[in-house]
Amino acid sequence: QYSKSSDKKTIIVKKSTSEDIVTNGKYLYYSKFKGDKGIIYKMNIRTKKTSVVLSSKKFVLLGGTDQYLYIGRIISSRPIMEYKLYIYNMYTKQIKEKKYDYYTDGVQVDKKKILYCEPHTDAGDHKFSVMTESGKTIFNDKATMVSLSKGKVLYYQILYYKDKSTIKYYLYNLYKKSKKEISKKVYEK
């Protein structure tokens, strides 16, 4: 916890295993392992009182919004972490598995949109999906690198033909539901 006005730092959680923490300024959500059980906690930041949201074997908090938590169940840790995604509705207290034909190495959350990417360790294109906070798929494609920012998905693909490769850059606007090719300069900006 960090206060800009006093420039004071306070440790409120030690040894968190979360890929990401989730907070709305009042509550903090995080995960910790106890043995092979992953426990998702909710902490009142003011009082420091914690409660267990849910727990299961190999659960890790990947991210969240004001209504949903995105939880990964560890499938593999070699050569990189791979997770099966679960979506937990904080209001209904229901959890559901998001069915994909691939696993993820994490999620990126921006403005109640979620980017779910297939893990990869090489320079090839891999699957990704963008979904609503409740898990409804909005857009799918393949990319070598992809990011989600301000309602836009920016990504590039490496296309191979014989012994040559070409890189193409794209922008997908989630509001207009339109995809267009862009220059490398626009992509990097």
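**Reading the charges and the backbone**

A: Start with the helix: Glu188 and Lys184 both lie in helix α1 (residues 184-188), four residues apart, about one turn of the helix. Helices (H or I, at least four residues) and strands (E, at least two) are DSSP runs, numbered from the N terminus. This is a predicted model, where local features need pLDDT of at least 70, side-chain atom pairs count only at pLDDT 80 or more, and totals for chains, interfaces and linings use all residues. Residues are numbered from 1 along each chain as its sequence is written, and side-chain values use heavy atoms, with hydrogens and water left out.

Q: What do Glu188 and Lys184 form?

A: They form a salt bridge, with the closest N and O atoms 3.8 Å apart. The term means a side-chain nitrogen of Lys or Arg within 4 Å of a carboxyl oxygen of Asp or Glu.

Q: Is Glu188 buried or exposed?

A: Learn the cut-offs: buried is under 20% relative accessible area, exposed is over 50%, and partly exposed is in between (1.4 Å probe, protein chains only). Glu188 has 55% relative accessibility, so it counts as exposed. Lys184 has 45%, so it counts as partly exposed.

Q: Which residues do salt bridges with shared partners join into one network?

A: Lys84, Glu97 and Lys99 are joined this way. Glu97 lies in strand β10 (residues 94-97) and Lys84 in strand β9 (residues 82-89), so the pair ties together parts that are 13 residues apart in sequence. Glu97 is partly exposed at 30% relative accessibility. Lys84 is partly exposed too, at 23%.

Q: How many salt bridges does a search of the whole structure find?

A: Five. One more to look at is Lys179 with Asp141, whose closest N and O atoms are 3.1 Å apart. Lys179 lies in strand β18 (residues 178-182) and Asp141 in strand β14 (residues 137-143), so this pair ties together parts that are 38 residues apart in sequence. Lys179 counts as partly exposed, at 42% relative accessibility.

Q: Which residues gather in a patch of positive charge on the surface?

A: First, the rule. Patches are made of residues with over 30% relative accessible area and no salt bridge; like charges are joined within 9 Å, and nonpolar side chains (Val, Leu, Ile, Met, Phe, Trp, Tyr) within 5 Å. Lys and Arg count as positive and Asp and Glu as negative; His and the chain ends are not counted. The place of a charge is NZ of Lys, CZ of Arg, CG of Asp or CD of Glu. Here the patch holds Lys111, Lys150, Lys152, Lys176 and Lys180. Lys152 lies in strand β16 (residues 152-161) and is partly exposed at 35% relative accessibility.

Q: Where is Lys150 found?

A: Lys150 sits in the loop between β15 (145-149) and β16. Its relative accessibility is 61%, so it counts as exposed.

Q: What should I look for in phi?

A: Most residues other than glycine have a negative phi. Lys150 has a positive phi of about 55 degrees, although it is not a glycine. Lys112 also has a positive value, near 65 degrees. Lys112 lies in the loop between β11 (107-110) and β12 (113-117).

Q: How many helices and strands are there in the protein?

A: One helix and 18 strands. Buried residues make up 41% of the 189 residues.

Methods
Areas by Shrake-Rupley, 256 points an atom, 1.4 Å probe, with all protein chains shown as cover.
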